[in-house]
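This report describes selected features of a protein model, from its overall make-up to individual contacts. The sequence and structure are shown first.

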Amino acid sequence: MVLLDTRAAGGGATESLIVPPRRRRSGVHVHFSRFKWLYLLLIPGIIYFAVFRYAPMFGAIIAFKDYVPFLGIGGSAWVGFEHFTNFFASPDFVRLLGNTLILAFLNLAIAFPLTIVIALLLNELRLSIVKRTVQTLIYIPHFLSWTVVASLTYLLFALDTGPLFHLINTVLGTDINFLTDPDWFRPVIMLQTIWKGTGWGTIIFLAALASVDQEQYEAAIIDGAGRWSRVWHITLPSIAPTIVVMLILKMGDVLDTGFEQIYLMTNSLNREAADVFDTFVYFMGITQGSYSYSTAVGLFKAIVGVILIFGANWLSRRFNQTGIF
Amino acid sequence: MAREKYRFNTPAGRVFDVFNVVILVVIGLIALVPFLYVLAGSFATEAEIATRPFFLWPETFSLKAYSTILTSDAFVRALVTTVLVTAVGTGIQLLLTASMAYPLSKANLPGGRVMLMLIVFTMVFSGGMIPTFLVVKELGLLDTYWALILPAAINPFSLIIIKNFFQQLPKELEESAMIDGANEVRTMWSVILPLSKPVLATFALFYAVGIWNDFMSPLLYLNDSSMWTLQMFLRQVTAATDLSMLQSDASEMPPAQGIKFAVIIVATLPILLFYPFLQKHFAKGMLLGSVKG
């Protein structure tokens, strides 16, 4: 330790000896030779971001062209906003927007509050063994792939053989095929979302709950506050900032419905309720080969996404500054 | 840790406690039961799956489903492929991420801040599915396993967390290596990375789960069904038969129910085996990310 300390002191000194402030400003090549090994390390990463992140952004200009693979991006003719105007004018646009927004709304209205409720219930749990066991169990689905979740759904709701098919149809006295009925597409998707994500979502709230000042509870108990009023007057206000920030962040990706989940549950019979921007881009672009049109749809979604994220960020900052923190 | 808030409890509070335990145990079971059902089903006979609507313990044990899939070329190929792609891919992705994170952790690196901003921008905006597909196609990566590894090689979020971790390592250790004449590449390799093993292990698991579970990349980039990964195979086995069942008379022979159960189990098993590590590290990683992000 002593050795380390001396080196620490010496290290600071050597650095200022090696690089006097005047030399630091003396030209690009000096910088480069001093940092050459670090830049060398950066090269693979820079290539990655250039090729797989930025090249597609520039490639997205095919949304304004009539891209023909044979002619290449440069050789294809410009069409301006034609694909966008076509898209906005098509009945697809309203349907996709509707489906996407309904799913986003259900997410915010059902899955999100449920996460908070479960976190609160867990927080009220007195037996720490039960608490830990329940936490361990409800985090598991988060790590399963959407393919596994979709397969489980297919098995559980399978026509005539699925346990949930039997259970729900017996209770309701109906004969619903949950996997193909468009009216049941959203409930099934919500069920998946809740099953897979709710447990994991509680983590952030449990962390916020753990940092609530315990003395407040003692004071409240002395004042005669019951269990419910403690939750209502201490716990909830304490985690309100977290709730608001999480809510705002969620609003930032309203148009992100999750390609894999929706794609895996879409079939020819439920398309009218199932089609969202993400899957539409896939079916138009990859399956049908309308590269430019589908890129325009994707670009529209991405730009709305950026606006929402920056808007949400702005709101969040404003909210944080107005002083709940 | 004494939890003071629980020291006083009313009778109503005690009733609530009981209900609370019951509710949460039920919630915990809901997370587990679908999996137990599939596990039981994978060891049951075909007849039992067909006749009993729901069970968590098979009446007669059968290994038929497993012996069928493990002797199927397509399945074994998908399994081996997935294991290899996951192993190689995780190594490549982790190496690329760490070697980019290290230079960026140097506050005095000229251009570092701009680069970081450009990286953060990719978390907000992307060219989208089709332009990325076209890039992969132009590079000649379609129908190669590189397409499952390279397009997602560096996760910006992981990159930034690893960078932040490197930043808070004591500077003295690096400096002593530098004084001994090592350049930055060597310093990173022999000083920084060994010090960061727990963090790197966490993100290795992150990447591994990502590749193992990935369905979109093989769907987009692999046309050749002999190259399919486990997730693609699973999709084919469960969804395809279900759609043929929807047409009420399945003229072609659908894969037996038990096979679906068994494939789901195999696709999930590695995740469950790693779950204890996952849970420990991921929860921390997520909190770290949400604080710093």
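## Chain A in outline

In this predicted model, 65% of the contacts in chain A between residues at least 6 apart in sequence join residues at least 24 apart. The secondary structure of chain A consists of 16 helices and two strands. Of the 325 residues in chain A, 34% are buried.

## The contact between the chains

Chain A contributes 86 residues to the contact between the two chains, and chain B contributes 84. On the side of chain B that touches chain A, helix H1 of chain B (residues 11–42) provides the largest share, with 15 residues. Sorted by class, the residues on this side of chain B comprise 55 nonpolar, 18 polar and eleven charged.

## The largest nonpolar core

In soluble globular proteins, nonpolar side chains tend to be buried together. The largest nonpolar core in this model has 131 residues, and the members that touch the most others are Val297(A), Ile162(B), Phe233(B), Val263(B) and Ile264(B). Helix H4 of chain B (residues 73–104) supplies the largest share of this core, namely nine residues.

The surroundings of Ile162(B) can be described individually. When neighbours within four places in sequence are left aside, Ile162(B) is in contact with Thr97(B), Ala98(B), Ala101(B), Val199(B) and Phe203(B).

## Packing of helices H5 and H8 in chain B

Two packed helices are described by the angle between their axes and the distance between the axes. For helix H5 (residues 112–124) and helix H8 (residues 156–167) of chain B, the axes come within 9 Å and cross at roughly 140°. H5(B) is therefore oblique to H8(B), since only angles over 145 degrees count as roughly antiparallel.

From H5(B), the residues that make this contact are Ile119(B), Val120(B), Thr122(B) and Met123(B), while H8(B) contributes Pro156(B), Phe157(B) and Leu159(B). The contact of H5(B) with H8(B) includes six nonpolar residues, one polar residue and no charged residues.

## A loop residue: Ala44(B)

Ala44(B) is located in the loop between H1 and helix H2 (46–51) of chain B. Is this residue, Ala44(B), buried or exposed? Ala44(B) counts as buried because it has 24 C-beta neighbours inside 10 Å, and the threshold for burial is 20 or more.

Apart from neighbours within four places in sequence, the contacts of Ala44(B) are Ile49(B), Pro58(B), Ser62(B) and Gly258(B). Phe55(B) lies eleven residues from Ala44(B) along the chain, and the C-alpha atoms of these two residues are separated by 9.7 Å.

Key:
Residues numbered from 1 in each chain as written. Chains lettered and ligands numbered in written order. Predicted model: local features only at pLDDT ≥ 70, side-chain atom pairs only at ≥ 80, totals over all residues. Helix = DSSP H or I, 4+ residues; strand = E, 2+ residues; numbered from the N terminus. Buried ≥ 20, exposed ≤ 12 C-beta atoms within 10 Å, placed from the backbone. Contact = placed C-beta atoms within 7 Å. Core = buried A, V, L, I, M, F, W, Y, C linked by C-beta atoms within 7 Å. Nonpolar A, V, L, I, M, F, W, Y, C, P; charged D, E, K, R; others polar. Axes fitted to C-alpha atoms, helices over the stretch in contact; angles between N-to-C directions. Parallel < 35°, antiparallel > 145°, perpendicular 65-115°, else oblique.
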